[in-house]
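Hi there,

Here is the structure I promised to pass on. Please have a look at it first, and then read my notes below.

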Amino acid sequence: MIGYQATCEELRGVWTAVPVDLVILRKIDSTNRLARSIVRELAEDEIEARRTFFLAWEQTAGRGRLGRRWISPPGVGVYGTLLLPVTPEIATRTLPLLTATALCRSVNGWIDSSCRLKWPNDLLVEGRKIGGILIQASVRSDGTGHAALGFGINYGDPGSGVELPEATALFRETEEPPSFPETVLGLVRGLLRALDHADDPEWCVESFRQLSAHEPGDTMRCRVGEEEVRGRFVRLTEEGSLVLDTGEG
């Protein structure tokens with residue numbers, strides 16, 4: 001399994017061309033939690049947080065959507081959060097679709113099969129999960145704010161001994177996977193390229209549609225507040241919302 005120190009040295013050597021600060025942590029409860037706490041601390045002194053990517057070698061309390069646990073053992077996944085300033089409209093309308101699209105395209109550039117998106121935030125390869133996304137945003141009364149684009153991508157070094165019975169990883173999906181540092185760099189660069197379209201909801205929705213794992217008529221369920229809604233997939237709206245046929249409308 002690739003070592004922590006070697007990964008840090010290689011990443012720092014190639015990061016000079018990336019216009020984002022880099023923080024590498026050996027062990028942390030959650031990169032999203034750390035990013036958001038830094039924003040709050042700096043805001044107390046009226047200091048704007050810079051664009052920063054937080055990478056954890058291991059997470060002890062990683063979280064997915066709806067508070068689900070994201071297992072994050074050391075060195076077998078990319079556990080990261082990209083912190084960046086956002087406007088309220090971008091935070092709610094385009095970031096979720098944009099982030100999913102960017103990560104999916106990066107993964108597709110490496111694997112032999114095809115990565116697809118399960119609405120709203122799962123990356124699947126032939127039905128097996130290879131990654132997930134958790135975006136948390138805070139907006140202030142003056143219209144400024146920050147978003148924490150948290151994600152986990154299964155890297156799955158076969159020397160780690162970690163089994164993924166219901167999931168998959170880059171090492172399973174290609175005979176020539178990129179190195180761990182190359183994977184981190186590629187994912188972040190893909191996100192930064194996609195952010196050029198953050199003000200273009202039409203581009204974000206259409207890009208997500210092209211990579212969607214859903215076909216009309218597929219049975220789906222989603223949670224709206226405390227209620228679980230079941231139905232058949234109809235389409236995505238022009239705003240990127242999910243339309244289901246529940247039998248009642």
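Predicted model: local features only at pLDDT ≥ 70, side-chain atom pairs only at ≥ 80, totals over all residues.

Residues are numbered from 1 along each chain as its sequence is written, and side-chain values use heavy atoms, with hydrogens and water left out.

Let me start with Val188, which sits in helix H5 (residues 180–194). Helices here are DSSP runs of H or I with at least four residues, strands are runs of E with at least two, and both are numbered from the N terminus. Val188 has a relative accessible area of 1%, so this residue is buried. Buried stands for under 20% relative accessible area, exposed for over 50% and partly exposed for anything in between, with a 1.4 Å probe and protein chains only. Leaving aside neighbours within four places in sequence, Val188 is in contact (heavy atoms within 4.5 Å) with Trp15, Val18 and Phe53.

Phe53 brings us to the rings. The structure holds six aromatic pairs. Rings of Phe, Tyr and Trp (its six-membered ring) pair if their centres lie within 6.5 Å; planes under 30 degrees apart count as stacked, over 60 as edge-to-face and the rest as tilted. For Phe53 and Phe151, the centres are 6.0 Å apart and the planes are at 20 degrees, so this pair is stacked. Phe53 belongs to strand S2 (residues 52–56) and Phe151 to strand S7 (residues 145–154), so the pair ties together parts that are 98 residues apart in sequence. Both Phe53 and Phe151 are buried.

Tyr155 and Phe171 have ring centres 5.2 Å apart and planes at 85 degrees, so they are edge-to-face. Tyr155 counts as buried at 5% relative accessibility, whereas Phe171 counts as partly exposed at 29%. Tyr155 and Phe171 are among the members of one aromatic cluster, together with Tyr4, Trp57 and Phe180.

Now for the hairpins. Strands S5 (residues 122–125) and S6 (residues 128–139) pair in the antiparallel sense over four bridges; pairing requires at least two DSSP bridges between two strands. In their hairpin, with two residues between the strands, Glu126 takes a positive phi near 50 degrees. S6 and S7 also run antiparallel, joined by nine bridges. Five residues separate S6 and S7 in their hairpin, and Gly143 in the turn has a positive phi of about 90 degrees.

Best wishes
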